[in-house]
Every structure is written in structure tokens, then in C-alpha cells.
Amino acid sequence: MLYDQHLLGTKRKIQARIFARDSDRLGLNKEQLDQMQDLDSVRIEQTPSWEHGAHVISTVPTVPYTFEFSDGSKLQVQNPAALPSNPKNKITCWEPTVLATIIIPSEYVGPVITLCSDHRGEQLEYTFIDSLRVFLKYRLPLREIVVDFYNGLRSITSGYASFDYEEAESLSLTLSLPLPP
């Protein structure tokens, strides 16, 4: 799978990035850059098809949630559209979590703890390995780490973090929805 940070974002953000980066260097005006972007988008979409016979499908990573209704029935869902349009009154949602172990230089402890907190992490352990390294253990929702957690961790620690995770118990979230009239 091709994953490139330069290709992510709305068309307007991509245009702004390309215009700022290339306009002075190439001596092009905005209209000429727009034409180049249109050609680039065709190339990005068509190259896998031309070279490998594959079609590009762009999706967000999904995480399976299990919903348990008040009548005892269960439903595993990876897309919110698959939820019933007429749910029962009380729903328990089981969110998958991971146990994450992070080893970092001690100078990055504050920003890494903030990153984990911002991603709904629960701190389980904080230990100094020696005077220069720290061992952190967190329970994090799987949904929070599949998209951008590792990139943020790598950015904050200038690439000096060690990150590993294993599947953990799902956490229960109880939702009460109003009954339809």
C-alpha cells in the first residue's frame, strides 16, 4: 500500500503546500501549478492501474467495535453506517485497546506523556531504566494509534522512541440513546 504524507489532506491544503513549495523554485504562476496538479492527480490515480493492474481505493483505517444491545444481541461493526437505524434503548460498546510500551530518552518525557493523554491513553507504568532512558506503559484505544500516533511520537522524539504494542482487553462504553417516537 502506498502511503505518502504529501498526498494527504484536502485539495486546498495540497494546493497551498505545492504552491508555496514550488512557485518560486520553478518560476510558475498559480494557473500553471494548477495544471501540473491536475496531471499529478491523474498520475497518482492511474499509475498503479497502468503498471500493476490495480485500482486505487482510498480509505481510513478501521477498527472493529462490538455493540451489545439490552436484549443480549451483539453486533461487530467496522463502519458506523452498519449500525442499525433503529437501535434498542441501551447499548454497550466494546472498544479494542492495546498495551503500548514506549522507551524514550528522558528529555522527551513531558511531550510524550502529553501525546499519550491527547490520544486517550491511560498511564500504567513510568520507570527510569537509567539516567538517560524512560520506560512508559500505556493502555491506548486501538483507533487512536492506527492513524497518526507513531508519526507524532517519532516527530516529538526526533526518531529516538521505541514503540511496541500488543492487543489488550476491550473497554466498555455504555451509551444510552433515546427511543424513536
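Reader: Contact means heavy atoms within 4.5 Å. Leaving aside neighbours within four places in sequence, which residues is Ile 104 in contact with?

Author: Ile 104 is in contact with Val 109, Val 112, Leu 132, Arg 133, Val 134, Leu 136, Thr 157, Tyr 160 and Ala 161. This is a predicted model, where local features need pLDDT of at least 70 and side-chain atom pairs 80 or more, while totals for chains, interfaces and linings use all residues. Residues are numbered from 1 along each chain as its sequence is written, and side-chain values use heavy atoms, without hydrogens and water.

Reader: Thanks! Where is the place of Ile 104, and is Ile 104 buried or exposed?

Author: Ile 104 sits in strand E4, which covers residues 97-105. Strands are DSSP runs of at least two residues, helices (H or I) of at least four, numbered from the N terminus. With a relative accessible area of 1%, Ile 104 is buried (under 20%; exposed is over 50%, partly exposed in between, with a 1.4 Å probe and protein chains only).

Reader: How far apart are the C-alpha atoms of Ile 104 and Ala 161?

Author: Those C-alpha atoms are separated by 4.7 Å, although the two residues are 57 residues apart along the chain.

Reader: What about the largest nonpolar core, how many residues has it?

Author: The largest nonpolar core has 18 residues, and Ile 102, Ile 104, Val 112, Phe 149 and Leu 153 have the most contacts inside it. Such a core is a set of buried Ala, Val, Leu, Ile, Met, Phe, Trp, Tyr and Cys residues joined through side-chain atoms within 4.5 Å. At least two of its residues come from each of E4, H3, strand E6 (133-141) and H5. A second, separate core of 7 residues includes Tyr 65, Phe 67, Phe 69 and Cys 93.

Reader: Nice. At what angle do H3 and H5 pack?

Author: H3 (residues 109-118) and H5 (residues 149-156) pack at about 165 degrees, their axes 10 Å apart. Axes are lines fitted to C-alpha atoms over the stretch in contact, and angles run from 0 to 180 degrees between N-to-C directions. The two helices are therefore roughly antiparallel (over 145 degrees). Pro 111, Val 112, Leu 115 and Cys 116 of H3 meet Phe 149, Gly 152, Leu 153 and Ile 156 of H5.

Reader: Changing topic: what is phi of Arg 120, and where does Arg 120 lie?

Author: Phi of Arg 120 is near 60 degrees, positive in a residue other than glycine. Arg 120 lies in the loop between H3 and strand E5 (122-128), and at 42% relative accessibility Arg 120 counts as partly exposed.

Reader: And Ser 158, what is its phi?

Author: Phi of Ser 158 is near 55 degrees, also a positive value, and Ser 158 lies in the loop between H5 and strand E7 (162-167).

How values were computed:
Angles under 35 degrees count as roughly parallel, over 145 as roughly antiparallel, 65 to 115 as roughly perpendicular and the rest as oblique.
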